[in-house]
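Look at the model below. We will walk through a few of its parts, one at a time.

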Amino acid sequence: MSDYILAIDQGTTSSRAIIFDKAGSIVATGQLEHEQIFPKAGWVEHDPAEIWRNTREVIGQALGKANLTRHDIAAVGITNQRETAVVWDKNTGEPVYNAIVWQDTRTQSIVDRLAADGGVERFKPVVGLPLATYFSGTKIVWILENVEGAREKAEAGDLLFGTTDTWVLWNLTGGVDGGVHATDVTNASRTMFMDLETLSWRDDILEAFGVPKSMLPEIRSSSEVYGVANEHSLLRETPIAGILGDQQAATFGQAAFDAGESKNTYGTGNFLIFNTDTEIIHSKNGLLTTIGYKLGDGPVHYALEGSIAVTGSLIQWLRDNLGLISSAAEVETLAKSVEDNGGAYFVPAFSGLFAPYWRPDARGALVGLTRYVNKGHIARAALEAIAFQTRDVVEAVNADAGIDLTELRVDGGATANDTLLQFQADILGVPVVRPVVAETTALGAAYAAGLAVGFWSGLDDLAKNWQEDKRWTPSMEDAERERLDRSWKKAVTKTLDWVDADVD
């Protein structure tokens, strides 16, 4: 058998190919960023053609760095930014519009229209999600209603929809020449169209949205052979055998397979997933009910999720929009130049507030400013905003699950920041634990693919690979923790009710 698994991680800011060995260790990585397109305030787009070009190139980079060929790769797994919507012509393979990114808020009027009959939780008992601009369903509607000729082509059966896993899979397996049009249950659970119990598209919900069912991919498990890479790929004939949405993939990579286990990923946004096993728990505290994973013919595993829109992208904003830092890593140095936040709180509601608030009318605010505050305090406030938002979500998880988290497993790029993780432990009052392999998103996709082809024997085999790298324990007094959190929650109230009806 071949000795390696290759994972394609199609993320919000970049596409990566990472090769893993049987121990779950990284052998080689290829990575390319793609353009972040902001046509208007609140609009966020990607070029699907650029994403596919970059995906092909990073596969070559990773294979080249490792001095491997397709014969060394047992299978390919895909993980992706989940709610980003691509609509393309199945006959030409050309997108009809740019991919509309999960952070995009242009569809609020569509949300309001759908919510007029039954409120924002109209479909939540079936799909686990409130009506929100976050999910891909309203993005498809926007394209059908605003791109010339799109509605007619869709009704004729000529348009396909997919999140970026589906876009990559379709192209990798042949595109217009027999490409596989499929997604897995985790990505399907983020569209607003899939019944959590039956794992099938709901005709009544599709009718309410006005989306033709012919556009939608086939729903498959997270771990099975969907097809093989086509003859023009460097990976030709290699099975594509795993798909998991990025946050579910990170949970799987953290070996959080059982009820009560969880992880928090620090990426463009933050996403905390809490495994509820085979039980569907409908949140009463602003969390999403979603699918954790489904392995082949095995049972579906559900989860509660707290989705935070802006965390790592806030650090990018400090770099790209303000020029406060020249690299993301510099934010820690700048934050450490001061002892505390100087009374400043940064609520980065750039796309409204996601969990647990779900307030699309919110916008970002930097509050508590005095002449004393300098750029070091602003950098620290930005880092602390990541941790405060995570505490908000953990409080909601504790309330829904009826038990308190006793430690938080973390992953993602920002976990390289020790200052952030110490403050996270302090503000939560529980230990924060980082694994040896922090690239758990790609690792989870690799695990799903490897299980499907027998590269790994089962979940116990994967659990043995997980190793603790570092642990941060709380050192803050309870009174100080509660004072800081009280001020944070006051800062959040200052962001609400900002967007009026006559403002885009």
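Which unit do β19, helix α13 and β20 make? They form a right-handed β-α-β unit. Keep in mind that this model is predicted. Strand β19 covers residues 408–411, and two bridges join β19 to β20 in a parallel pairing. Helix α13 spans residues 418–428.

Now stay with β20, residues 432–435. In a regular strand, side chains alternate between the two faces of the sheet. Both faces of β20 are covered. V432 and R434 are buried on one side, and V433 and P435 are buried on the other. Strand β20 also pairs with β21, residues 468–472. Four bridges join β20 to β21, and these strands run antiparallel. V432 takes part in both pairings: V432 is the bridge partner of L408, and V432 stands opposite W472 in β21.

Next, find helix α6, residues 164–172. Nine of its nine residues are buried. Among them are D165, W167 and W170. Just after α6, G174 takes a positive phi of about 130°.

Finally, turn to the second largest pocket. Its volume is about 1000 Å³. The pocket is lined by 43 residues. Y266, G267, T268, G413 and A414 lie nearest its centre. Several helices and strands each supply at least two lining residues, including β2, β13, α12 and α14. Which helix gives the most to this lining? That is α10, with five residues. By class, the lining has 14 nonpolar, 19 polar and ten charged residues.

Technical notes. Residues numbered from 1 in each chain as written. Predicted model: local features only at pLDDT ≥ 70, side-chain atom pairs only at ≥ 80, totals over all residues. Heavy atoms only, no water. 1 Å grid on protein atoms, 1.4 Å probe; cavity = no way out; pocket = protein on both sides within 12 Å on 5 of 7 lines; lining within 4 Å. Points joined across faces, edges and corners; volume = space filled by probe spheres on them. Nonpolar A, V, L, I, M, F, W, Y, C, P; charged D, E, K, R; others polar. Buried < 20%, exposed > 50% of the residue type's maximum accessible area, 1.4 Å probe, protein only. Pairing = 2+ DSSP bridges. Right-handed = clockwise from strand over helix to strand, strands pointing away.
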